[in-house]
Amino acid sequence: VISIVPANHPELIKKSYAQGAVDCVVQQVNWLELIPRLQHLHQAANTSRQLAESQKRLADVQRIAGLGYWDWDIVEDKIYVSDELCRIFGRPKEHWKGIESMFRSIHPRDQDRVQRILQDHNTKGKPYDFEFRVIHSDDSVRVVHAQGEVTSMGDANPVWAAGTVEDISEARQRDATIRKLAYIDSLTGLHNRAAFCEQLNEGLLLAKEQGSKLAVISLDVDNF
């Protein structure tokens with residue numbers, strides 16, 4: 001909307017903008033000048049609409065895939081997070097003030113490990129790929145899969161990091177259920193023969209690598 005107002009009426013210009021006008025021109029319009037302005041405004045509106053549509057598509061893809069995005073300005077310690085990442089962590093965007101705000105949501109037993117991984121990859125400038133647990137705002141524990149990369153300057157000092165976080169809690173719960181069905185006896189709740197054979201093979205391989213010995217104790221439970 002372009003509003004045409006009388007000259008020397010600034011209050012009308014303010015009112016026009018308040019009512020939704022994107023530009024104002026005074027009467028006695030120079031149409032040769034106005035047409036390029038209209039074309040520019042039309043192009044700018046199309047660009048703005050396309051950007052909004054692109055951002056919505058990206059948000060929809062992240063929501064459907066359960067994939068959150070974040071990036072971190074290491075020098076300024078400023079962090080940006082997507083809406084889906086906020087949902088995964090259960091924290092509003094106001095929560096994310098710097099990298100420490102992310103560590104506050106990580107499970108206490110995983111914080112040191114995550115910090116070591118990030119520091120190591122920040123130093124070497126290598127992509128990272130690992131899993132860790134987070135404490136959701138509802139106090140539930142979620143398992144997430146993180147991937148990302150670090151950007152460094154010529155002197156190897158990291159300046160930027162970015163990555164994705166995927167909520168894989170349900171997948172890990174299914175894995176645990178399948179493993180329990182495969183390796184736990186439903187009657188006794190103890191490890192079954194398959195679990196014993198797997199652990200024995202792992203023990204034999206470890207003993208061979210270390211040049212050590214392995215002992216096996218067999219207990220026969222009567223009347224069972």
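In this predicted model, the lining of the largest pocket comprises seven nonpolar, four polar and three charged residues. That pocket has a volume of about 660 Å³. Its lining is made up of 14 residues, and those that lie nearest the centre of the pocket are His-191, Asn-192, Arg-193, Leu-219 and Val-221.

Rolling a probe the size of a water molecule over the atoms shows where empty space is left. With a threshold of 30 Å³ or more, the count comes to one cavity. The space in the largest cavity amounts to about 80 Å³. Which residues line the largest cavity? The lining consists of Trp-70, Met-102, Phe-103, Ile-106, Val-114, Leu-118, Tyr-128, Phe-130, Phe-132, Ala-146 and Val-165. Two or more residues of this lining come from each of helix 4 (99-103), helix 5 (108-124) and strand 5 (128-135). Strand 5 makes the greatest contribution, giving three residues to the lining of the largest cavity. In terms of class, the lining of the largest cavity has 11 nonpolar residues, with no polar and no charged ones.

The aromatic side chains form a further part of the picture. By the ring-centre criterion, there are four aromatic pairs in the model. One of them joins Phe-89 and Trp-96, whose ring centres are 5.3 Å apart; the planes stand at 85°, and planes over 60 degrees apart count as edge-to-face, so this pair is edge-to-face. Both Phe-89 and Trp-96 are buried.

Are Tyr-128 and Phe-130 buried or exposed? Buried means under 20% relative accessible area. Tyr-128 has 5% relative accessibility and therefore counts as buried. Phe-130, at 10% relative accessibility, also counts as buried.

How values were computed
Residues numbered from 1 in each chain as written. Predicted model: local features only at pLDDT ≥ 70, side-chain atom pairs only at ≥ 80, totals over all residues. Heavy atoms only, no water. 1 Å grid on protein atoms, 1.4 Å probe; cavity = no way out; pocket = protein on both sides within 12 Å on 5 of 7 lines; lining within 4 Å. Points joined across faces, edges and corners; volume = space filled by probe spheres on them. Helix = DSSP H or I, 4+ residues; strand = E, 2+ residues; numbered from the N terminus. Nonpolar A, V, L, I, M, F, W, Y, C, P; charged D, E, K, R; others polar. Phe/Tyr/Trp six-rings, centres within 6.5 Å; stacked < 30°, edge-to-face > 60°. Buried < 20%, exposed > 50% of the residue type's maximum accessible area, 1.4 Å probe, protein only.
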